Amino acid sequence: MPKKYPPLTPEEVAGILKASGFAYDHTTGSHEYYQGVIHGINRHVTVDRHYREFSDKTLIFMIDQSGLTREEFYGSTKETARKINLRT
């Protein structure tokens, strides 16, 4: 049985955000900031490029920042959808 929140790399998270309609905003140090409108609400997501992989806690926080559900977040790309056995 796969983990509920399988680890993702910063590159995978950036790909998910772009596929979900987020746009790169700016960088400060190792943090990249993405901005998008989800369900009519302006959202901001911070991605720390310093990490090799994100922990469950960090992923849950970024999913919350994005305003997407776990399935919408992981299902944004085929590669990440496979990590939770989600059919796209």
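Q: Taking buried as under 20% relative accessible area, exposed as over 50% and partly exposed as in between (1.4 Å probe, protein chains only), is histidine 39 buried or exposed?
A: Histidine 39 is exposed, because its relative accessible area is 62%. This is a predicted model, in which local features need pLDDT of at least 70 and side-chain atom pairs count only at pLDDT 80 or more, while totals for chains, interfaces and linings use all residues. Residues are numbered from 1 along each chain as its sequence is written, and side-chain values use heavy atoms, leaving out hydrogens and water.

Q: Where is histidine 39 placed?
A: Histidine 39 sits in the loop between β2 and β3; strands (E, at least two residues) and helices (H or I, at least four) are DSSP runs numbered from the N terminus.

Q: And what is the phi of histidine 39?
A: The phi of histidine 39 is near 55°, a positive value in a residue other than glycine. Most residues other than glycine have a negative phi.

Q: What about asparagine 85, and where does it lie?
A: Asparagine 85 is in the segment after α4, and its phi is also positive, near 55°. With 58% relative accessibility, asparagine 85 counts as exposed.

Q: Changing topic, which residues of α2 are buried?
A: The buried residues of α2 are Leu59, Met62, Ile63, Gln65 and Ser66. Viewed down the helix axis, they fall within an arc of 160° (the arc of the directions from the axis to the C-beta atoms), so they line one face of α2.

Q: Which residues are exposed on the other side of α2?
A: Lys57, Phe61 and Asp64 are exposed there.

Q: What do the buried residues of α2 pack against?
A: They pack against α1, β2, β3 and α3, where contact means heavy atoms within 4.5 Å. Just after α2, glycine 67 has a positive phi of about 80°.

Q: Which residues of α1 are buried?
A: In α1, residues 10-19, the buried ones are Pro10, Glu12, Val13, Ala14, Ile16 and Leu17. Their cover includes α2 (56-66) and α3 (70-74), along with β2 (31-38), β3 (41-48) and α4 (78-83).

Q: Is arginine 70 buried or exposed?
A: Arginine 70, found in helix α3, counts as buried because its relative accessibility is 18%.

Q: What does the side chain of arginine 70 make a polar contact with?
A: Its partner is the side chain of glutamate 71, at 2.9 Å. A polar contact is a pair of N or O atoms within 3.5 Å; within protein, one must be able to donate a hydrogen and the other to accept it, and residues adjacent in sequence count only if both atoms are side-chain atoms.

Q: Leaving aside neighbours within four places in sequence, which residues is arginine 70 in contact with?
A: Arginine 70 is then in contact with Lys3, Lys4, Tyr5, Ile63 and Ile84.
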